[in-house]
Structure formats: structure tokens, C-alpha cells
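This briefing goes through selected local features of one chain, grouped by topic. The sequence and structure come first, and the notes follow.

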Amino acid sequence: IHRSEARYRKLVNNALDLICTCNNSKINYINEAGISMLGIKDASEVVGKDIADIFHPDYHEIFSDNLNSLVSEDMLFPTRLLRSDSTYLDVEVDVNIFDLSASNLMIEARDITEHNQAVEALYQSNKNLEKRVEERTRELTEEISLRKEVEEKLRHTASHDGLTGLPNRGLLIDRINSALARGSREHDNFALLFIDLDGFKAVNDTLGHEAGDLLLIEAANR
């Protein structure tokens, strides 16, 4: 019996998780991993204390009044350990009946800090990726819109007069050729109206070319 007890005590002490037992919610044993996770020097610092005292205050009610209910849950319960330096450690807790007595319980706590950090890092990485995709999509959308705008301006500049905005000679010839082809195909006629501005030279000579330009713009608008 002594050898068996020594063997199991050694297994518990060498475990990587916090393992402690309590009677009527009072801690009566904690292993080496638990001492290390709590940041204490030895077991005497927690033996005799309420089990709730080693956890975050937000969970005191659960470990004080509803500890036995966790036995029937058959699941790992996420919580936080309170370390001696007042920092907290994220853990998952499992509660089991110990020594065939409902008042004797064994609590096992597994450190999940690195796991939570990895999950948070992955979440932030996904958020950053989504943000970069959104920014790049917006940039591409703006770039496409700008390119279309530039292309439209280039097409308009190539086919319209820069001063009046009216179709230029190149577009006029294209329209005339189209009208000729359509007239030949449909046996139809078309007319070309030529407009002259009498006295335009006098405006340029007496008032200057800027006034002449304004006159051309106004005539084009009308």
C-alpha cells in the first residue's frame, strides 16, 4: 500500500497540470506543478485555504457554492488562477470526486495561456488580413474608377475640341462617313449645316483672343 501510494504521489507531483485535493472546499494537498503555476514557494501557503481563493474573484461564487455541480458537468471549465504576484493565468479546470466522498474533491487545472495567445494571434492575423483585403479592394476599385475616368477623358479629348467641347474634325469626318455609309445602304440622304460667325476676326483684333475664345464658347453653348 505504501509503495502504491508513493508511486501515485510521484505521478501526481510530476504531472504538468495543477492537481489539488480539498475537503469541504478547504485545500489539503497541491502538487509541484500547482505550486509553480501559482507562483508560491511551497504548499503551506495554500493548504487550509478555501479553494476559491486561488481563482479569479469573478469565479469565487462557483468555487464556493457550486463546486459540487462541476463534478456532474463532465467537462473542462475555463477560468483563471490567481498567482501570488496578483497576475492571472488562464486555465481549464476539471473537478472530480476523490476518495469516494462527495466532500473530498480533486481539482485539475491545465494552463491554456499559450493556447489562448495562439487563438488571439490567429484572430488578429485574420482581422489584419481582412483589413488588408478590404483596403486593397477599395484601392483597386478606386484605381479602376480613376482609370475609367482617365480613359473617358482621353477618348473625349481625342474626339472633341478642347475649347468648346464640341466634336472636333476627326469625329466630324467619322460621323460623315457613317452617314454616307448609312445613306448608301438605306438609300437615304442627309444634310450638313455649316455655321459661320460674321465679324469674328474683328472681335479677336479689337478685344483680343481671350474675348474671341469666350465668344466661341458661348456660341457653342447656344
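Leu192 lies in the loop between α6 (169-186) and α7 (200-207); helices (H or I, at least four residues) and strands (E, at least two) are DSSP runs, numbered from the N terminus. This is a predicted model, in which local features need pLDDT of at least 70 and side-chain atom pairs count only at pLDDT 80 or more, while totals for chains, interfaces and linings use all residues. Residues are numbered from 1 along each chain as its sequence is written, and side-chain values use heavy atoms, with hydrogens and water left out.

**Around α6**

- Leu192 counts as exposed because its relative accessibility is 61%; buried means under 20% relative accessible area, exposed over 50%, and partly exposed in between (1.4 Å probe, protein chains only).
- Leu192 belongs to a nonpolar surface patch with Leu172, Leu180 and Phe190, and together they have about 400 Å² of accessible area.
- Patches are made of residues with over 30% relative accessible area and no salt bridge, with like charges joined within 9 Å and nonpolar side chains (Val, Leu, Ile, Met, Phe, Trp, Tyr) within 5 Å.
- A salt bridge is a side-chain nitrogen of Lys or Arg within 4 Å of a carboxyl oxygen of Asp or Glu.
- Accessible areas come from the Shrake-Rupley method with a 1.4 Å probe, and for residues only the protein chains shown count as cover.
- His187 is also in the loop between α6 and α7, and has a positive phi of about 55 degrees although it is not a glycine.
- With a relative accessible area of 74%, His187 is exposed.
- Gly165 sits in the loop between α5 (113-159) and α6, and is partly exposed because its relative accessibility is 32%.
- Leaving aside neighbours within four places in sequence, Gly165 is in contact (heavy atoms within 4.5 Å) with His156 and His160.
- Between the C-alpha atoms of Gly165 and His209, which are 44 residues apart along the chain, the separation is 18 Å.

**Strands β3 and β4**

- β3 (residues 77-82) and β4 (residues 88-98) pair in the antiparallel sense over six bridges; two strands pair if DSSP finds at least two bridges between them.
- Leu82 has Tyr88 as its bridge partner in β4.
- The hairpin of β3 and β4 has five residues between the strands, and Ser86 there takes a positive phi near 70 degrees.
- In a regular strand the side chains alternate between the two faces of the sheet.
- Not counting residues up to four places away in sequence, Thr79 touches Phe55, Tyr59, Phe63, Leu89, Asp90, Val91 and Val93.

**Aromatic pairing**

- Rings of Phe, Tyr and Trp (its six-membered ring) pair if their centres lie within 6.5 Å; planes under 30 degrees apart count as stacked, over 60 as edge-to-face and the rest as tilted.
- The count by this rule is one aromatic pair.
- Tyr59 and Phe77 form that edge-to-face pair, at 6.0 Å centre to centre with 85 degrees between the planes.
- The pair links distant parts of the chain, with Tyr59 in the loop between α2 (32-38) and α3 (60-65) and Phe77 in strand β3, 18 residues apart.

**Strands β1 and β2**

- β1 is mostly covered, since five of its six residues are buried.
- β1 and β2 run antiparallel and are joined by four bridges; Cys20 has Ile30 as its bridge partner in β2.
- Asn24 lies in the loop between β1 (18-23) and β2 (26-30), and has a positive phi of about 50 degrees although it is not a glycine.
- The hairpin of β1 and β2 that holds Asn24 has two residues between the strands.
- Asn24 counts as exposed because its relative accessibility is 54%.
- Asp17 is in the loop between α1 (2-13) and β1, and counts as buried because its relative accessibility is 14%.
- Asp17 touches Asn31, Ala33, Met37, Glu108, Ala109 and Arg110, not counting residues up to four places away in sequence.
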